[in-house]
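Please look over the sequence and the model shown here before reading the briefing. The points after it are grouped by topic.

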Amino acid sequence: MEKTETTDNSSDIPLVIDEMFVEQVLGQPMYDSTLGGRLGVPGVAVGLAWTAVGGETMIVEASRIPCTRGEGKLELTGQLGSVMRESATLAMSWIRSHATPLGLDGAEIITNHDIHLHFPAGAVNKDGPSAGVTITTALVSLFTDRLVRNDMAMTGEISLRGLVLPVGGVRDKVLAAHRAGLDTVILPDRNMKDLQDIPDK
């Protein structure tokens with residue numbers, strides 16, 4: 001805590017600058033990042049979405065739950081549209097068909113396990129293909145027990161063959177990552193041309 005003397009010579013009362021004073025002067029924070037404390041475990045990745053009011057960060061959480069019926073199922077929660085559900089199915093299919101390079105057994109990934117993908121903020125509708133890369137990353141992180149970097153967000157559509165396709169709203173998405181304190185953004189190669197629309201500061 002720092003104390004400074006007021007410039008008004010008529011008063012000898014010191015001005016105390018603390019958190020309460022700063023909040024009174026500046027008001028409430030404009031942006032409240034929802035990422036704090038939610039990263040740092042396998043199966044969690046941060047995506048970027050575009051909405052009518054601009055870009056938003058979007059957390060994808062994946063978990064593996066034992067079951068007794070042999071091959072498990074893919075469960076999706078979080079107010080998702082059909083396109084995003086298709087992205088999750090594509091991600092699972094690509095991972096199973098490329099399991100060997102990832103150090104996994106494709107036949108065993110969902111044997112005796114259900115896979116649950118959750119997209120928090122359930123009251124908000126979520127749809128569109130640009131979460132494909134994030135879903136794939138969260139699932140690979142879960143299956144390999146490796147953490148995704150907590151300073152990184154990503155966006156990109158995936159195809160069944162694993163191609164990463166361009167997406168829209170890049171400027172707003174990158175600004176959303178900046179607001180959330182994330183300093184690395186993964187974009188499709190064909191979106192590199194959109195970087196010229198992003199302000200330097």
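This is a predicted model: local features need pLDDT of at least 70, side-chain atom pairs count only at pLDDT 80 or more; totals for chains, interfaces and linings use all residues.

Residues are numbered from 1 along each chain as its sequence is written, and side-chain values use heavy atoms, with hydrogens and water left out.

**Helix H2**
- Helix H2 spans residues 82–97 and, with 16 residues, reaches 23 Å from its first C-alpha to its last, close to the 22 Å expected at 1.5 Å a residue, where the expected span is 1.5 Å times one less than the number of residues; helices (H or I, at least four residues) and strands (E, at least two) are DSSP runs numbered from the N terminus.
- Met84, Ser87, Ala88, Ala91, Met92, Trp94 and Ile95 are the buried residues of H2, buried meaning under 20% relative accessible area, exposed over 50% and partly exposed in between, with a 1.4 Å probe and protein chains only.
- These residues cover an arc of only 165 degrees around the axis, which puts them on the same side of H2; the arc is that of the directions from the helix axis to the C-beta atoms.
- The cover over the buried residues of H2 includes strand E6 (111–118) and helix H3 (132–144), contact being heavy atoms within 4.5 Å.

**Nonpolar cores**
- The largest nonpolar core has 31 residues, and Ile95, Leu139 and Phe143 are among those with the most contacts inside it; such a core is a set of buried Ala, Val, Leu, Ile, Met, Phe, Trp, Tyr and Cys residues joined through side-chain atoms within 4.5 Å.
- The largest share of this core, 7 residues, comes from H3.
- Apart from this core lies another, of 5 residues, among them Val46, Ala153, Ala177 and Leu182.

**Helix H4**
- In H4 (residues 170–179), Val170, Lys173, Val174, Ala176 and Ala177 are buried.
- Seen down the axis of H4, its buried residues fall within an arc of 155 degrees, so they line one face of the helix.
- Just after H4, Gly181 takes a positive phi of about 85 degrees.

**Salt bridges**
- The structure holds 4 salt bridges, each a side-chain nitrogen of Lys or Arg within 4 Å of a carboxyl oxygen of Asp or Glu.
- Arg149 forms one with Asp151, the closest N and O atoms being 3.0 Å apart.
- The side chains of Lys73 and Glu75 also meet in a salt bridge (4.0 Å, N to O).
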